[in-house]
Amino acid sequence: MRFRPIFESKIPRILRVEAIVLWPFMLFAGAKDDYKYKHRLLRHELQHAYQIVEHGVIKFYVTYLWEYFRNYMQYRDGFIAYREISYELDARDHEYLPMDEDELDFYELL
Ligand SMILES: [Zn+2]
């Protein structure tokens with residue numbers, strides 16, 4: 001499964017996020033150079049790509065949206081609802097893992 005990073009995308013800015021994985025793209029608000037040292041963010045987005053590969057595109061997005069909705073009904077707070085999505089918890093758990101050269105190369109940042 002292939003993903004393609006796209007920098008300076010309008011979609012993350014509209015959604016007020018730094019980056020978003022919308023298969024088959026990984027969209028970033030800023031320019032490529034802005035992310036040279038943001039390994040934590042890149043690793044987070046890469047983990048979402050791995051989740052999509054593992055669970056499939058449809059299951060990933062249906063589960064993501066369903067959990068957001070369920071969490072929102074519970075907490076009545078959009079930010080908490082987002083933070084508590086299981087895929088977000090997992091991505092945050094992986095943020096500090098080092099990226100290998102292939103992973104960095106994926107972002108064309110080398
Ligand atoms: Zn995330």
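Author: Before we start, a definition: axes are lines fitted to C-alpha atoms, for helices over the stretch in contact, and angles run from 0 to 180 degrees between N-to-C directions. Helices (H or I, at least four residues) and strands (E, at least two) are DSSP runs, numbered from the N terminus. This is a predicted model, where local features need pLDDT of at least 70, side-chain atom pairs count only at pLDDT 80 or more, and totals for chains, interfaces and linings use all residues. Residues are numbered from 1 along each chain as its sequence is written.

Reader: Fine. At what angle do the axes of α2 and α5 cross?

Author: At roughly 125°, and the axes of α2 and α5 (residues 86–93) come within 8 Å.

Reader: Which residues make the contact?

Author: H44, Q47, H48 and Q51 from α2, with Y87, D90, A91 and R92 from α5. Contact means C-beta atoms, placed from the backbone, within 7 Å.

Reader: Now L46. Where does it sit, and is it buried or exposed?

Author: L46 is in helix α2, residues 39–55. L46 counts as buried because 24 other C-beta atoms lie within 10 Å. The cut-offs, with C-beta atoms placed from the backbone, are 20 or more other C-beta atoms within 10 Å for buried, 12 or fewer for exposed, and partly exposed in between.

Reader: Which residues are in the largest nonpolar core?

Author: It has 12 residues: A19, V21, M26, L27, F28, A29, Y35, L42, L46, A49, I52 and Y107. Such a core is a set of buried Ala, Val, Leu, Ile, Met, Phe, Trp, Tyr and Cys residues joined through C-beta atoms within 7 Å.

Reader: Which element gives the most to this core?

Author: α2, with four residues.

Reader: What does Y35 touch?

Author: Leaving out residues up to four places away in sequence, Y35 touches F28, G30, L41, L42, Y107 and L109.

Reader: Backbone next. Which peptide bond is cis?

Author: The one from W23 to P24, with omega near 5°. P24 is in the loop between β2 and β3.

Reader: What is the phi of E8, and of R76?

Author: E8 has a positive phi of about 55° although it is not a glycine. R76 has a positive phi of about 55° and is not a glycine either.

Reader: Where is R76, and is it buried or exposed?

Author: R76 lies in the loop between α3 (57–75) and α4 (78–83). R76 is exposed, because it has 9 other C-beta atoms within 10 Å.

Key: Two residues are in contact if their C-beta atoms, placed from the backbone, lie within 7 Å.
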